Amino acid sequence: MPVEVVGSAAISSITSLSVVPVNPPPLLSDTQSMNENLDVAKTLLLYSRWIHYTGQKQKEDVINLYSRVKELQPKWEKGYFYMAKYCDEVLVDARKRQEDSTEQSVRVIPSNLALVASTSVNSERRWWTYLPDVLLFYAKGLHRGHKNLFQALPRLLTLWFDFGSFYYRK
C-alpha cells in the first residue's frame with residue numbers, strides 16, 4: 001500500500017496489525033492498477049470505519065481517512081455514504097452538545113462555570129455548519145449508486161426538513 005495514498009500514521013497502524021504488505025510489487029496493466037486501487041480503497045474504508053467505531057482517532061483524522069477513500073475511488077458510492085454517515089454523527093453530536101449547553105446556560109449557575117461553558121461553546125463550530133457537507137455527501141452517494149438508497153434518501157430528506165423547520169422557527 002503506497003505511503004503517499006494512505007499516510008504514514010495509517011501505514012504504521014495497519015502494518016502493526018499485519019493486514020497488508022507495506023510495499024506491494026509494481027503492477028503491469030491499467031486494469032490491474034484499477035483493481036489494486038479498488039482493493040486499497042476497500043481496505044482503507046474498512047480501516048476508517050474501524051477507527052471511527054472504536055473512537056481511536058480525532059475527528060479530523062477520521063475525516064482525512066474517509067477523504068482518501070473518496071480520492072482513490074471517486075465514483076464509488078460507499079466512500080461517500082460512509083463519509084456522510086460519519087459527518088452525520090458529528091452533526092448530531094454537536095447539535096446535542098450545543099443544545100444541552102444552551103439549556104444549562106439558561107439555568108442559574110455560578111458565574112465562573114458560566115464563563116467556562118460560554119467559551120467552550122464559542123470555540124466549537126455551530127452544528128448547522130456541518131449540515132451542507134452531510135447533505136452533499138449523501139447526495140453524491142445517491143448519485144453514484146442505489147445500494148444505500150433506503151438509508152441515505154430518508155436521512156437526507158429528514159435533515160433537510162428538520163433544518164428548514166428549525167430555521168423557520170428562529
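Phe163 is partly exposed, with a relative accessible area of 25%. (Buried means under 20% relative accessible area, exposed over 50%, and partly exposed in between, with a 1.4 Å probe and protein chains only.) This is a predicted model: local features need pLDDT of at least 70, side-chain atom pairs count only at pLDDT 80 or more, and totals for chains, interfaces and linings use all residues. Residues are numbered from 1 along each chain as its sequence is written, and side-chain values use heavy atoms, leaving out hydrogens and water.

**Aromatic pairs**

- The whole structure holds 10 aromatic pairs. (Rings of Phe, Tyr and Trp, the last by its six-membered ring, pair if their centres lie within 6.5 Å; planes under 30 degrees apart count as stacked, over 60 as edge-to-face and the rest as tilted.)
- Phe81 and Tyr82 make an edge-to-face pair, because their ring centres are 5.3 Å apart and their planes stand at 70°. Both Phe81 and Tyr82 are buried.
- Phe163 and Phe166 form a tilted pair, 6.3 Å centre to centre with 35° between the planes.
- Both Phe163 and Phe166 belong to helix α8 (residues 149-169), 3 residues apart, or about one turn of the helix. (Helices, H or I with at least four residues, and strands, E with at least two, are DSSP runs numbered from the N terminus.)
- Phe166 is buried, at 13% relative accessible area.
- Trp127, Trp128, Phe163, Phe166 and Tyr167 are linked into a cluster by ring pairs.

**Charges over rings**

- Arg95 lies over the face of Phe166, 5.7 Å from the ring centre. (A charge sits over a ring if NZ of Lys or CZ of Arg is within 6 Å of the ring centre and within 35 degrees of the ring normal.)
- Arg125 places its charged end over the ring of Tyr130, 4.1 Å from the centre.

**Salt bridges**

- The structure has 4 salt bridges. (Each is a side-chain nitrogen of Lys or Arg within 4 Å of a carboxyl oxygen of Asp or Glu.)
- Asp88 bridges to Arg155, with the closest N and O atoms 2.6 Å apart. This pair links distant parts of the chain: Asp88 is in helix α5 and Arg155 in helix α8, 67 residues apart.
- Asp88 counts as buried at 7% relative accessibility. Arg155 counts as partly exposed at 24%.
- Arg95 also pairs with Glu99 in a salt bridge, closest N and O atoms 3.0 Å apart. Both lie in helix α5, 4 residues apart, about one turn of the helix.
- Arg95 is partly exposed at 23% relative accessibility, and Glu99 is partly exposed at 33%.
- Glu124 and Arg97 meet through their side chains in a salt bridge (2.0 Å, N to O). Glu124 is in the loop between α6 (111-123) and α7 (131-144) and Arg97 is in helix α5, so the pair ties together parts 27 residues apart in sequence.

**Glu89 and its contacts**

- Glu89 sits in helix α5 (residues 77-106). Its relative accessibility is 39%, so Glu89 counts as partly exposed.
- Leaving aside residues up to four places away in sequence, Glu89 touches His52 and Tyr53. (Contact means heavy atoms within 4.5 Å.)
- Glu89 and Val134 are 45 residues apart in sequence and 9.5 Å apart in space, C-alpha to C-alpha.
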